[in-house]
Amino acid sequence: MAEVGYPQRAAEQEEGQASGAGEQPNSIWDKLSDSKPVEREMACRTLAHIDFDEKHIRRLIAFGRAKQLLCLLSDPVLSVREATATALRKMCSYNPKVNFCDHLVSEGIMAALGGHLRECLQELSKESQAGADMATSEAQVTRVQLCSAVEEALTLVQRLCEQTQSAVDAFNEASLLAVVACLLQPQHLPLSLVTAAAQCLHIVTEDNTVATQSLCATPESLALLEGILVQPIGEGFESPGGLWSLKTSVAGVLFNLLPLLQEPVYTTTMRAILSVMAAALDVGVDGLLLQLATQPRPPAEQGQHTEQTPVVENGSGECDVGSDDVRHGTGDGDMPGVQDEEPSTTVTLNMPPVLTKKFADVEAMLSSQQLALELVINISSMEDDDQWDDAEEEEEEECEVDMEVDDKTPPHTSTPPAEVISSLAEFGLFAKVWKICCSVNQHTYKLCETVENGEEIAKIMNTLQGRSLCAFQNLLTVLPHDALGGKNHLVGVWRSLLELMQSGGQFLHPDALAEVMGALIENCSAHGSLGIMAEDLHYLCQLGLTSLNPRVRSSVMRLLGTVGKMAVLDPRPLGLLNVIGATLRDCVSQDPQLWVVSQALDSVFDVFGEDNCPVTLYQTLGLPSVLKSAASTFKSRMVSERDDVKPHLRVVKTAHSNLRAFMQYMTGRAAS
């Protein structure tokens with residue numbers, strides 16, 4: 001088997017260095033300019049089945065292959081244009097260090113896609129105006145082909161705009177917003193196409209003032225968006241998951257427009273968004289998974305399906321095969337994907353059509369819930385991400401040994417407006433997000449194992465669980481205590497979080513769980529105890545010292561600081577404080593990561609800096625000598641662990657600037 005990548009002889013041929021006798025076979029790239037449309041189409045479909053690494057992308061750019069492909073976006077044959085868009089989308093998916101998307105934008109891909117989309121829409125308009133003629137089977141096939149081509153092009157536009165800002169700028173320059181917005185017609189166009197248009201709009205309107213202003217200035221587009229948002233589920237649609245995907249994408253678009261909306265439209269739109277999010281999160285996925293698991297399947301021997309793969313015959317009578325099974329090329333083309341032995345068919349085990357449809361519906365439902373959670377996070381977020389990013393960039397540019405800057409200024413936080421907080425509580429987002437946190441568990445993943453292709457759903461559910469925990473933490477932070485369900489409910493939440501943490505498993509998010517537990521304690525600190533038992537505390541302390549995940553250790557250290565501040569006010573014996581103090585001390589003296597040590601130091605400052613905390617306990621635990629040792633090596637560790645420290649520079653610098661001042665403060669307290 002040859003090495004994956006460009007065969008050496010092909011690379012030499014491309015650079016004009018080939019030697020030896022014999023005519024070389026035509027490459028896949030030669031087929032892109034073949035006079036036969038079927039050859040051009042099959043060449044593109046073959047390229048779509050090839051894995052491109054960084055070296056491949058560099059060669060594509062160097063040899064002008066991207067421009068060759070872009071020319072096919074204006075091919076007179078629709079199927080060739082669609083296959084070209086598919087190949088380009090796959091190439092954009094690899095995201096190498098050399099940004100292929102930026103190169104495509106510089107070569108004019110947005111203008112080419114704009115021409116392709118407008119031509120398809122004109123043809124669709126002619127088909128719609130044909131009226132009775134649409135009943136013919138040929139017309140129906142043409143409509144399906146046009147819709148499929150438009151959907152593929154929209155997916156490519158979305159992928160480009162996700163990858164690079166230059167694509168968003170080119171999207172604006174090509175005036176594609178109106179083209180995409182006019183596709184928001186679920187009554188007249190396939191659901192998958194309308195959803196692709198909504199998802200594309202959601203991406204291109206994010207932080208894009210040109211697009212958002214244009215949409216807000218077009219009442220027709222706003223009416224289309226709002227109409228989809230209030231569309232009853234199940235009305236005229238066979239795929240509830242697909243419709244939820246459409247509705248949540250539209251909610252994302254409207255969320256991006258909110259800054260430009262005035263009252264009372266702002267409040268009305270916000271409430272409509274929250275209503276859709278709450279309804280999407282209320283859909284139980286377990287039942288859908290159970291349907292997949294119990295769906296009858298044909299016997300294994302009947303499940304064998306022989307599928308013809310895209311084949312391009314080259315000039316020497318050999319074949320370029322576009323199957324996933326032939327990515328390791330050994331032929332003389334200038335791209336991988338050509339083998340000496342050319343199997344023209346592959347044997348795969350395909351799901352029955354009914355099961356395939358249900359699988360897609362479950363996948364769409366999970367994706368819509370994930371987007372709903374992202375919107376919850378954005379609406380309830382307490383942090384100004386732009387300010388954090390700017391501050392971090394400035395700090396990273398500072399001199400390597402200039403570590404004396406006092407960074408006591410707290411990060412900027414912006415609480416959502418009171419009416420938004422009220423709506424979050426009114427629509428029950430706290431309970432619905434918590435339901436998602438709990439529903440994604442080991443039982444769910446075991447159920448995925450019984451479903452064909454269930455590993456794909458398991459990946460989505462893993463992400464879903466992580467985002468639900470993040471959303472839940474934000475809600476704990478912004479919602480008033482009386483909107484969280486009462487003390488008994490929150491005690492139950494605490495117990496469930498501990499059970500999730502203790503259950504283990506590769507799909508859990510222990511760092512996110514620890515963050516949520518800390519937020520829960522902080523929220524409840526002014527409203528009575530959560531009933532944290534001694535064994536709970538010992539478990540958390542052990543986890544904070546032994547976990548292999550530094551984010552878990554850091555989160556637990558912060559959590560212990562919160563619990564410690566509450567324990568200082570407790571008139572009972574000092575047992576809790578002793579356990580917490582010993583754990584923080586051991587972390588400071590033993591943890592291999594400086595940024596985790598910094599978090600433990602911050603908790604030491606919070607707990608032992610309280611006036612009610614006995615100085616004798618600070619001394620008995622041996623903290624003075626431990627802190628002195630940490631201070632003596634802190635600056636050198638900042639330099640030696642620079643790469644590891646960079647993402648956590650704020651907490652590290654805060655700990656460094658406060659450490660000696662805290663030691664002096666505690667020395668003064670002991671002396672008095």
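**View 1. Aspartate 207 is exposed in a predicted model.** Its relative accessible area is 74%. Exposed means over 50% relative accessible area, buried under 20%, and partly exposed in between (1.4 Å probe, protein chains only). Aspartate 207 sits in the loop between α12 (191-204) and α13 (209-216). Helices (H or I, at least four residues) and strands (E, at least two) are DSSP runs, numbered from the N terminus. Aspartate 207 is not a glycine, yet its phi is positive, about 55 degrees. Most residues other than glycine have a negative phi.

Residues are numbered from 1 along each chain as its sequence is written.

View 2. Serine 175 lies in the loop between α10 (165-173) and α11 (177-181). Why does serine 175 count as partly exposed? Because its relative accessibility is 48%.

**View 3. A cis peptide bond joins glutamate 263 and proline 264.** Omega is about 5 degrees. Proline 264 belongs to the loop between α15 (240-257) and α16 (265-281). Most peptide bonds are trans.

**View 4. Glutamine 158 is buried.** Its relative accessible area is 15%. Glutamine 158 is part of helix α9 (residues 137-163). Which residues does glutamine 158 contact, leaving aside its neighbours within four places in sequence? They are Gln199, Cys200 and Ile203. Contact means heavy atoms within 4.5 Å.

**View 5. Ring pairs link Phe605, Phe608, Tyr618 and Phe662 into a cluster.** The whole structure holds five aromatic pairs. In one, the rings of phenylalanine 608 and tyrosine 618 have centres 6.1 Å apart and planes at 55 degrees, so the pair is tilted. Rings of Phe, Tyr and Trp (its six-membered ring) pair if their centres lie within 6.5 Å; planes under 30 degrees apart are stacked, over 60 edge-to-face, and the rest tilted. Phenylalanine 608 lies in helix α30 (residues 594-608), and tyrosine 618 in helix α31 (residues 615-620). Both phenylalanine 608 and tyrosine 618 are buried.

**View 6. Over residues 1-25 the pLDDT is below 50.** pLDDT is the predictor's confidence in each residue, from 0 to 100. The protein averages 77. Residues 382-413 also stay under 50.

Technical notes
Predicted model: local features only at pLDDT ≥ 70, side-chain atom pairs only at ≥ 80, totals over all residues. Heavy atoms only, no water.
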